[in-house]
Amino acid sequence: MESLNAASVTENSTIGSDEGGASTTHDTDIDMADVKAEPVDYPSPPASRFREGEKVLAFHSLQLYEAKVQKAVYHMREWRYFVHYLGWSKSWDEWVGIDRLMKHTEENVQKQQELKKKQDTDKNEKAARGSQTKTKGSTGRRGRKRKSDIPKDKDGPPPEKLVNIQIPPQLKKQLIDDCEFVNHLGKLVRLPRSPNVDEILQKYHDYRMKKDGLISESVGEILNGLQCYFNKALPAMLLYKNEREQFEESIKEDVSPSSVYGAEHLLRLFVKLPEILFYASIEDETLTELKQKLQDFLRFLQKNQSAFFLSMYHAADDSGVAVMTEEN
């Protein structure tokens, strides 16, 4: 099963490399197994569209896969389903919303086949264009470039020279869900976020102060650096295309992105940090210490995942600003 690309990261990847080989678990930020089927506030939930044990079609990484509903619970005014993808390892099992599922009918199976055929065609066309471009560049006048004229970093710095920041499996899953919500389902993070990036950094500051009894100068510098990097990197490399209009609506003069955006976009920064740090010309000894501090911050994010991250995004109106939608 293909992994969904989330800001240059795949679920099985290690940040700073193009591909990963280690398998990861699929923990969600909410342990739905402990949620009762009938929440106290809603004693009579609407009938579930899918039943436990039912064979369905489920969206994953822009494709439709056959799956089986293993659990169905009603939580926070919506049905959630725990599905197992037929023919795949249990490590792919996950909780999904109703917008990720389709009935297993002949018509929908036909849609599944058409979608796969279209994606296969798109991949072949893209590969063909790449081959033609390469051939064109190797012949004629344009092909007689001196080697010194070709920029060495055209495709970015080599992966082996990037600092290896390990994102925990649960947060990798968060990145994948984030990408799927925005790119596949057309949803947005509702802004302004609470807690925002500034508040999360302050919470980490307070956490280190309580744990260590003091804050080292290096920790303070790293937190200030993360805030600075985030504010500069967000409009340049941390937004998906369909989030840019929302950014223009939300960020006005004298308003910093770190006071509006939250953990979802802060986590994307850690995908780009290895490349950013590569160009920062940091000494190896300092870089090693920095990596340790960044790993500790990621563990802090993971520990507070349910408090910092949204479990569901919202539909966007015509202006691109996230709005609440009522469930039918």
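**Helix packing and local backbone geometry in a predicted model**

Of the 16 residues of helix H2, 13 are buried, so H2 is largely enclosed by the rest of the structure; buried here denotes a relative accessible area under 20%, exposed one over 50%, and partly exposed one in between, with a 1.4 Å probe and protein chains only. The model is a predicted one, in which local features need pLDDT of at least 70 and side-chain atom pairs count only at pLDDT 80 or more, whereas totals for chains, interfaces and linings use all residues. Residues are numbered from 1 along each chain as its sequence is written, and side-chain values rest on heavy atoms, with hydrogens and water left out.

The protein chain comprises 8 helices and 7 strands, where helices (H or I, at least four residues) and strands (E, at least two) are DSSP runs numbered from the N terminus. Buried residues account for 40% of the 328 residues in the protein chain. Among the contacts in the protein chain with a separation of 6 or more, 71% are between residues 24 or more positions apart, a contact being defined by heavy atoms within 4.5 Å.

Helix H2 covers residues 169-184, and its end C-alpha atoms are 22 Å apart, in agreement with the 22 Å that its 16 residues should span at 1.5 Å a residue; the expected span is 1.5 Å times one less than the number of residues. Just after H2, Gly186 adopts a positive phi of about 70 degrees. Helix H7 (residues 284-303) gives a similar agreement, since its 20 residues should span 28 Å and its end C-alpha atoms are 29 Å apart. The buried residues of H7 are Leu290, Leu294, Gln295, Asp296, Phe297, Leu298, Phe300 and Leu301, and their cover includes H2, helix H3 (197-212), helix H4 (217-237), H6 and helix H8 (305-308). Gln292, also placed in H7, is by contrast exposed, with a relative accessible area of 51%. The C-alpha atoms of Gln292 and Ile165 are 8.9 Å apart in space, although the two residues are 127 residues apart in sequence.

Two helix pairs that involve H4 were characterised by their axes, which are lines fitted to C-alpha atoms over the stretch in contact, with angles running from 0 to 180 degrees between N-to-C directions. The axes of H3 and H4 come within 11 Å and cross at roughly 170 degrees. H3 is therefore roughly antiparallel to H4, given that angles under 35 degrees count as roughly parallel, over 145 as roughly antiparallel, 65 to 115 as roughly perpendicular and the rest as oblique. In this pair, Val197, Asp198, Leu201, Tyr204 and His205 of H3 meet Val219, Leu223, Leu226, Gln227 and Phe230 of H4. H4 and H6 pack with their axes 10 Å apart and at an angle of about 95 degrees, and these two helices are therefore roughly perpendicular to each other. Here the H4 residues Leu226, Tyr229, Phe230, Ala233, Leu234 and Met237 meet His265, Leu266, Leu269, Phe270, Lys272, Leu273, Ile276 and Leu277 of H6.

The loop between helix H5 (244-250) and helix H6 (263-278) contains Ser258, which is buried at a relative accessible area of 1%. When residues up to four places away in sequence are not counted, Ser258 touches Asn196, Val197, Asp198, Gln227, Phe230 and Asn231. Asp254 lies in the loop between H5 and H6 as well, but counts as exposed at 83% relative accessibility. Asp254 has a positive phi of about 65 degrees although it is not a glycine; most residues other than glycine have a negative phi, and most peptide bonds are trans.

Cis peptide bonds occur between Leu191 and Pro192, with omega about 0 degrees, and from Ser194 to Pro195, with omega near 0 degrees. Pro192 is placed in the loop between strand E6 (187-188) and H3, and Pro195 is likewise found in the loop between E6 and H3.

As regards cysteines, the count of disulfides comes to 0, a disulfide being a pair of cysteine sulfur atoms within 2.5 Å. Cys179 counts as buried at 1% relative accessibility, whereas Cys228 is partly exposed, with a relative accessible area of 36%.
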